[in-house]
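Subject: Structure for you, with notes on what was found

Dear colleague,

I am handing over the structure below, and I would be glad if you could look through it alongside the notes that follow.

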Amino acid sequence: YGYYPRPSEVISAIGGPAAFIPFFAQLDMHITGSDEFDSGFLPVLMKVLIGYLSESESNQQEFANTECFKMIATLLSRASPKHLTLQVTTLQLIANI
């Protein structure tokens, strides 16, 4: 198509920074017909979040003002530790550089 919206445009269209919260809340949901969860979901979600926050300081400020960091931290602390794969921790290290 040739047009790829910026992450902030997509997030704004679906409700702002709080739109991330339901995705983090569903990390432990099982794949239909299985007792397993999708181990690739959190890395993709983190990439989108990193892209959104890296886009501008105003995105970071809005995210902080709505306490989304606190909510995501709480949800991650309640999720299964199986989500914290090498792929996820590597993403977090890269984002901090």
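Asparagine 59 lies in helix 4, and in this predicted model the residue is buried, since its relative accessible area is 7%, which falls under the 20% cut-off for that class. Leaving aside residues up to four places away in sequence, asparagine 59 touches Ser8, Tyr52 and Leu53.

Two of these partners, Tyr52 and Leu53, belong to the contact between helix 3 and helix 4, where Leu49, Tyr52, Leu53 and Glu55 on the helix 3 side meet Asn59, Gln60, Glu62 and Phe63 on the helix 4 side. Sorted by class, the residues of this contact are 4 nonpolar, 2 polar and 2 charged. As a reminder of the convention, a pair of packed helices is described by the angle between the axes together with the distance between them. For helix 3 and helix 4 the angle is about 115° and the axes are 5 Å apart, and the two helices are therefore roughly perpendicular to each other.

Helix 4 also packs against helix 5, with axes that come within 5 Å and cross at roughly 65°, so that helix 4 is roughly perpendicular to helix 5 as well. Here Gln60, Phe63 and Ala64 in helix 4 meet Cys68, Phe69 and Ile72 in helix 5, and by class this contact has 5 nonpolar residues, 1 polar residue and no charged ones.

Most residues other than glycine have a negative phi. The phi of glutamate 67, by contrast, is positive, near 60°. This residue is partly exposed, with a relative accessible area of 44%.

Helix 5 itself covers residues 68–78, and within it Cys68, Ile72 and Leu75 are buried. These three cover an arc of only 65° around the axis, which is why they fall on the same side of the helix. On the other side of helix 5, Lys70, Ser77 and Arg78 are exposed. What covers the buried residues of helix 5? The covering elements include helix 2 (21–25), helix 3 (41–55) and helix 4 (57–65).

Helix 2 is also where phenylalanine 23 is placed, and this residue is partly exposed, with a relative accessible area of 36%. Not counting residues up to four places away in sequence, phenylalanine 23 touches Phe41 and Leu45, both of which lie within the range of helix 3 (41–55). The C-alpha atoms of phenylalanine 23 and leucine 42 are separated by 8.9 Å, while the two residues are 19 residues apart along the chain.

Finally, a word on the confidence of the prediction. The mean pLDDT of the protein is 84, and 93% of its residues reach 70 or more. Among the elements, helix 2 has the highest mean pLDDT, at 93, whereas helix 6 (residues 86–96) has the lowest, at 66.

With best regards

Note on methods: Residues numbered from 1 in each chain as written. Predicted model: local features only at pLDDT ≥ 70, side-chain atom pairs only at ≥ 80, totals over all residues. Heavy atoms only, no water. Buried < 20%, exposed > 50% of the residue type's maximum accessible area, 1.4 Å probe, protein only. Helix = DSSP H or I, 4+ residues; strand = E, 2+ residues; numbered from the N terminus. Arc of directions from axis to C-beta. Contact = heavy atoms within 4.5 Å. pLDDT = per-residue confidence, 0-100. Axes fitted to C-alpha atoms, helices over the stretch in contact; angles between N-to-C directions. Parallel < 35°, antiparallel > 145°, perpendicular 65-115°, else oblique. Nonpolar A, V, L, I, M, F, W, Y, C, P; charged D, E, K, R; others polar.
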